[in-house]
Amino acid sequence: MSIKRVFLLLVLLFFSTKASSLKILASEIDTNIKKAYNGLKSFSVNIVINIVDDQYKYFLAQDKNNVYIEWKGVNNSTSIKEEDIPVIPLNIKMYTTPYDFWRSLGIDINKISYDYVNHVPCLVIGGDKNRIFIDIEHFSIRKIEINNVSYLFDDFMYIGNYYLPHKIEIVCSDSLIKGDIEWSGINQSIEKIHEIRGSNFPETLIYCFPRFSEFFR
């Protein structure tokens, strides 16, 4: 049995017997995420958000210093100001500087517990309002809860050496919104996207998604 599997079993045993005295630091979780995603320097993704019969689409490319975004529209027909594009919480900092990323979301890094996401045991950082769930085997981000909106990542697969999600479900008020994540590039050079300017902001998304200008700052 591998050392990793032994560690996983010990953690599960610890959770089942010592849940009330869980002792682990956010800095330790930060270190393990950095190890799991070591070498990840940039990515580009195509995002499709499905709401009833409409598809909201955008393209995102990001490295350590740059973030480029292109709005594809609602069924390829609606333009929008770049800073107002509704985005899912997917950021390179989740993997390269997780500790700082959690703090930027207003997550209390001093509160750590455990829970399950789709039967996957996870470490939970944060209090009741803003929390992030990280699975204890792959140290992947399984769920983020921000301001009463839940973002559940699912359908994980390896892209190169990295365990990454391909589906997302957003629970906002009484609505369930589903989306697809297509990883179109890992550690490739990022070319600047032509800035998208327009109007017609999709108001129905404003309460369920952070805007580009709010999430990437």
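The side chains of D180 and K167 meet in a salt bridge, with N and O 2.6 Å apart. D180 sits in strand 12 and K167 in strand 11, so this pair ties together parts that are 13 residues apart in sequence. Bear in mind that this is a predicted model.

**Salt bridges**

- D180 has a relative accessible area of 28%, so D180 counts as partly exposed.
- K167 is also partly exposed, because its relative accessibility is 38%.
- D84 and R211 bring their side chains together in another salt bridge, at 3.0 Å from N to O.
- That pair links distant parts of the chain: D84 is in the loop between strand 3 (67–74) and helix 3 (93–96), while R211 is in the loop between strand 12 and helix 5, 127 residues apart.
- Why does D84 count as buried? Its relative accessible area is 17%, and the cut-off for buried is under 20%.
- R211, at 23% relative accessibility, counts as partly exposed.
- D135 and R142 form a salt bridge too, their closest N and O atoms lying 3.3 Å apart.
- Here both partners are tucked away: D135 is buried at 1% relative accessible area, and R142 is buried at 9%.
- As a general point, side chains of opposite charge can pair when their charged atoms come close.

**Cysteines**

- The structure holds one disulfide, formed by C172 and C208 with their sulfur atoms 2.3 Å apart.
- It links distant parts of the chain, with C172 in strand 11 and C208 in the loop between strand 12 and helix 5 (212–215), 36 residues apart.
- The torsion about the S-S bond of C172 and C208 is about -85 degrees, so the disulfide is left-handed.
- Both C172 and C208 are buried.
- C122 is buried as well, with a relative accessible area of 0%.

**Around H166**

- H166 is found in the loop between strand 10 (162–164) and strand 11 (167–172).
- Buried or exposed? H166 counts as buried, because its relative accessibility is 14%.
- A polar atom of the H166 side chain lies 3.3 Å from the backbone oxygen of L164.
- Leaving aside neighbours within four places in sequence, H166 is in contact with D154, D155, M157, I159, G179, D180, I181 and W183.
- The C-alpha atoms of H166 and W183 are separated by 7.8 Å, with the two residues 17 apart along the chain.

**Strand 1 and its partners**

- Strand 1 (residues 42–51) is mostly covered, with eight of its ten residues buried.
- How many bridges join strand 1 to strand 2 (residues 54–63)? There are ten, and the two strands run antiparallel.
- V48 has K57 in strand 2 as its bridge partner.
- The hairpin of strand 1 and strand 2 has two residues between the strands, and V52 there takes a positive phi near 55 degrees.
- Strand 1 also runs antiparallel to strand 12 (residues 175–186), with eight bridges joining them.
- V45 stands opposite W183 in strand 12, and W183 is also one of the contacts of H166.

Key. Residues numbered from 1 in each chain as written. Predicted model: local features only at pLDDT ≥ 70, side-chain atom pairs only at ≥ 80, totals over all residues. Heavy atoms only, no water. Buried < 20%, exposed > 50% of the residue type's maximum accessible area, 1.4 Å probe, protein only. Helix = DSSP H or I, 4+ residues; strand = E, 2+ residues; numbered from the N terminus. Pairing = 2+ DSSP bridges. Contact = heavy atoms within 4.5 Å. Polar contact = N/O pair within 3.5 Å; in protein donor to acceptor, adjacent residues only side chain to side chain. Disulfide = S-S within 2.5 Å. Salt bridge = Lys/Arg side-chain N within 4 Å of Asp/Glu carboxyl O.
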